[in-house]
Amino acid sequence: MTLAADGLPPLREVIAAHGLSARKGLGQNFLLDLNLTGKIARRAGDLAACDVLEVGPGPGGLTRALLAQGARRVVAIERDARCLPALAEIAAAWPGRLEVVEGDALAVDAAALLRPPIRIVANLPYNVGTELLVRWLTPPAWPPFWTSMTLMFQKEVAERIVAPPGSKAYGRLAILAQWRCAARIAFELPPRAFTPPPSVTSAVVHLDALPEPRFPADPGTLSRVVALAFGQRRKMLRASLRPLGPDVEAWLGAAGIAPTDRAETVDIERFCRLARIVAANESGRASPPGR
Ligand code: SAM
């Protein structure tokens, strides 16, 4: 058997040897080209001094690339027990550098398993990808446990993460991501890059955590305001935000937002201003002057 550059078998042989037929329910679209997984790992930046969190290593193509790029340590959370023997072979080839955790990434306290600085790098399962991203973006305190995230999504989700105000894709995800991160699409991958090919194009998004949010706001209040605003994105804000209370038109005015505006035209700065006004009024305090 011809071995790959890292001394391990090619991924197609790993998949055949361990019977890893892809399961749709687990979002399994594998990357078998180690050049592509290497490209993703390189986009994550310098890994040598970092612990890396990977969700969904599957047969381990990206895991191998992260280790080959010099990651200090990789912690990989995988739900499919069928993948564990293949991942154990990788761990044996990189002694002390790979820890595999069997489980649901939504239920594992990953931060507790890693030592800072931490980068998150993953070809995420599409069924839980957005939920994981929102969790990583919305810890109560900032900076978060990670310094950067390099994540594969469906292209349509990637576009929602980086969308500017006024665009069709602009919404809750754009605001939560861009409020506290610098986010950009690194590159796209066509369906044929995956086995089996998904029905849509994918894209790798890279997010760097900013040292502090672009504008002050309570994350819980901002999330709630933005969810309401975009819950009915075609409606004027005075209607979609009515559940916030009877004073909502005055609060919109104080935030510099016309009550007749629609959510997609309001930038992050004004949503943060509105969230501060809402939080101040809900806690019975006056809104801080000039904010
Ligand atoms: N990283 C591999 C690659 O690039 O070829 C596999 C990526 S595949 C898109 C997603 C992986 O996530 C699968 O291995 C799947 O079993 C795993 N997975 C699905 N749901 C998961 C969950 N809730 N927690 C952890 N892993 C999960």
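What covers the buried residues of helix H7 includes helix H5, helix H6 (155-162), strand E7, strand E9, helix H8 and helix H11. Buried means under 20% relative accessible area, exposed over 50%, and partly exposed in between, with a 1.4 Å probe and protein chains only. Helices (H or I, at least four residues) and strands (E, at least two) are DSSP runs, numbered from the N terminus.

A word on the source. This is a predicted model: local features need pLDDT of at least 70, side-chain atom pairs count only at pLDDT 80 or more, and totals for chains, interfaces and linings use all residues. Residues are numbered from 1 along each chain as its sequence is written, and side-chain values use heavy atoms, with hydrogens and water left out.

Back to H7. Of its 9 residues, 8 are buried, so the helix is largely enclosed by the rest of the structure. Among the buried ones are Leu-173, Ile-175, Leu-176 and Trp-179. Gln-178 and Arg-180 are buried too.

Now the sheet. Which order do its strands take? The order is E4-E3-E2-E5-E6-E9-E7, in an open sheet of 7 strands with mixed pairing. Two strands pair if DSSP finds at least two bridges between them. The edges are strand E4 (98-102) and strand E7 (181-189), and each pairs on one side only. Neighbouring strands are turned by 20° against each other on average, direction ignored. For angles, axes are lines fitted to C-alpha atoms, for helices over the stretch in contact, and values run from 0 to 180 degrees between N-to-C directions.

Strand E3 (residues 73-78) runs parallel to E4, joined by 5 bridges. Glu-78 stands opposite Glu-102 in E4. Helix H4 (residues 84-93) lies across E3 and E4, at about 165° to E4. H7, residues 172-180, also packs on the sheet, touching E7 and strand E9 (202-209). The direction of H7 makes about 120° with that of E7. Contact here means heavy atoms within 4.5 Å.

Next, strand E6, residues 148-154. Asn-123 stands opposite Met-152 in E6. E5, helix H5 (residues 126-137) and E6 make a right-handed β-α-β unit. Right-handed means that, with the strands pointing away from the viewer, the path from the first strand over the helix to the second runs clockwise. E6 and E9 run antiparallel, joined by 7 bridges. Leu-151 stands opposite Val-205 in E9. In a regular strand the side chains alternate between the two faces of the sheet.

Ala-182 is found in strand E7. Is Ala-182 buried or partly exposed? Ala-182 is partly exposed, with a relative accessible area of 22%. Leaving aside neighbours within four places in sequence, Ala-182 is in contact with His-206, Leu-207, Asp-208, Leu-210 and Arg-214. The C-alpha atoms of Ala-182 and His-206 are separated by 8.2 Å, while the two residues are 24 apart along the chain.

On to the rings. The structure holds 3 aromatic pairs. Rings of Phe, Tyr and Trp (its six-membered ring) pair if their centres lie within 6.5 Å; planes under 30 degrees apart count as stacked, over 60 as edge-to-face and the rest as tilted. Trp-142 and Trp-146 have ring centres 5.7 Å apart and planes at 85°, so this pair is edge-to-face. Both Trp-142 and Trp-146 are buried. Phe-230 and Phe-271 form a tilted pair, 5.8 Å centre to centre with 40° between the planes. Phe-230 lies in helix H8 (residues 219-231) and Phe-271 in helix H11 (residues 268-282), so the pair ties together parts that are 41 residues apart in sequence. Phe-230 is buried at a relative accessible area of 11%, and Phe-271 is buried at 0%.

The charged end of Lys-39 sits over the ring of Phe-187, 4.2 Å from its centre. The cut-offs are NZ of Lys or CZ of Arg within 6 Å of the ring centre and within 35 degrees of the ring normal.

Last, the peptide bonds. Most residues other than glycine have a negative phi, and most peptide bonds are trans. Where are the cis bonds here? A cis bond joins Trp-142 and Pro-143, with omega about 0°. Pro-143 is found in the loop between H5 and E6. The bond from Thr-195 to Pro-196 is also cis, with omega near -10°. Pro-196 is found in the loop between strand E8 (194-195) and E9.
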